Amino acid sequence: MTVHPIVVQGEPTLHRRAAEVREFDDALRTLIADMHETNEAANGVGLAAPQINIGLRVFVYAMENDDGVPPQGVLVNPTLVLGKISGNAPDPDEEAEGCLSVPGDHFPLKRAEWVRVSGFDGFGDKVEFEATGWFARCMQHEYDHLDGKLYVDRLVDRYQRKARRSAKDNGWGVPGLSWLPGVDPDPFGH
């Protein structure tokens with residue numbers, strides 16, 4: 001297994017829709033194993049293929065949950081059905097989200113508290129479950145990556161301005177930037 005560099009906001013792969021997986025083969029299963037290894041080295045709860053500069057509709061997760069879903073898994077070519085998203089302002093203490101491709105930053109974001117997830121595992125077998133709370137947030141966050149969206153793209157104006165300022169201050173927004181989990185300092189201080 002290989003730990004891959006995680007690309008940073010501004011890399012084109014992060015900002016375009018990923019392609020459907022067509023072949024459920026050994027190459028896909030190797031990619032999935034590498035993604036789990038990379039996510040673990042990064043202390044992440046989820047990692048989408050575009051975050052390692054691979055434009056395929058695949059994400060892995062590693063998150064304990066109260067939904068009876070295994071705490072580690074993969075979704076290939078997933079679909080999500082969202083519950084209602086509250087119109088209230090996001091709570092900066094309870095709803096701050098981070099992203100390995102926006103290293104070190106956290107901003108509050110409203111998400112649906114419930115999602116229905118369906119897709120496939122690395123062998124092409126159907127996977128379906130419901131997710132709630134932070135696990136639902138993780139599913140939405142990783143799914144967004146497959147559609148070329150970062151969580152900072154969904155922030156309300158106040159926090160979006162702060163995120164843009166941070167990106168500018170960090171020199172992000174251009175291709176070619178990445179960090180290597182297990183080698184580079186952990187941007188979230190784990």
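Which strand do the buried residues of α3 pack against?

**View 1. Helix α3 and its two faces.** In this predicted model, where local features need pLDDT of at least 70, side-chain atom pairs count only at pLDDT 80 or more and totals for chains, interfaces and linings use all residues, the buried residues of α3 pack against β6 (102-108). Residues are numbered from 1 along each chain as its sequence is written, and side-chain values use heavy atoms, with hydrogens and water left out. Helices (H or I, at least four residues) and strands (E, at least two) are DSSP runs, numbered from the N terminus, and contact means heavy atoms within 4.5 Å. Helix α3 covers residues 157-170, and its 14 residues reach 20 Å from the first C-alpha to the last, close to the 20 Å expected at 1.5 Å a residue; the expected span is 1.5 Å times one less than the number of residues. Buried means under 20% relative accessible area, exposed over 50%, and partly exposed in between (1.4 Å probe, protein chains only). The buried residues of α3 are Tyr159, Gln160, Ala163, Ser166 and Ala167. They cover an arc of only 120° around the axis, which puts them on the same side of α3, the arc being that of the directions from the helix axis to the C-beta atoms. On the face turned away from this buried side, α3 carries the exposed residues Asp157, Arg165, Lys168 and Asp169. Glycine 171, whose phi is positive, near 75°, follows the helix.

**View 2. The open sheet of five strands.** The strands of this sheet stand in the order β2-β3-β4-β7-β8, with antiparallel pairing; two strands pair if DSSP finds at least two bridges between them. Because β2 (46-48) and β8 (126-132) stand at the edges, each with a single partner strand, one side of each is left without a neighbour in the sheet. From one strand to the next, the twist averages 40°. Strand β4 (residues 72-82) and strand β7 (residues 114-120) run antiparallel and are joined by five bridges, and valine 81 stands opposite arginine 116 in β7.

**View 3. Helix α1 lying across the sheet strands.** Helix α1 (residues 26-41) lies across β2, β3 (58-62) and β4, and runs at about 40° to β3; axes are lines fitted to C-alpha atoms, for helices over the stretch in contact, and angles run from 0 to 180 degrees between N-to-C directions. Its 16 residues reach 22 Å from the first C-alpha to the last, close to the 22 Å expected at 1.5 Å a residue. Leu28, Leu31, Ile32, Asp34, Met35, His36, Thr38 and Asn39 are buried in α1, and what covers them includes β1 (6-7), β2, β3 and β4. Just after α1, asparagine 43 takes a positive phi of about 60°.

**View 4. Helix α2 and its cover.** Twelve of the 14 residues of α2 are buried, so that the helix is mostly covered. Among these buried residues are Phe135, Cys138, Met139, Tyr143 and Leu146, and the buried residues of α2 pack against β2, β3, β4, β5 (96-99), β7 and β8. The helix is followed by glycine 148, whose phi is positive, near 80°.

View 5. A pair of aromatic rings is described by the distance of the centres and the angle of the planes. Rings of Phe, Tyr and Trp (its six-membered ring) pair if their centres lie within 6.5 Å, and planes under 30 degrees apart count as stacked, over 60 as edge-to-face and the rest as tilted; by this rule the count comes to four aromatic pairs. Tyrosine 61 and phenylalanine 135 form an edge-to-face pair, 5.4 Å centre to centre with 65° between the planes. This pair links distant parts of the chain, with tyrosine 61 in strand β3 and phenylalanine 135 in helix α2 (residues 133-146), 74 residues apart. Both tyrosine 61 and phenylalanine 135 are buried, and Tyr61, Phe129 and Phe135 form one aromatic cluster.

**View 6. Two asparagines with positive phi.** Asparagine 53, in the loop between β2 and β3, has a positive phi of about 70° although it is not a glycine, and this residue is partly exposed, with a relative accessible area of 36%. Asparagine 77, in strand β4, likewise has a positive phi, of about 50°, whereas its relative accessible area of 12% makes asparagine 77 buried.
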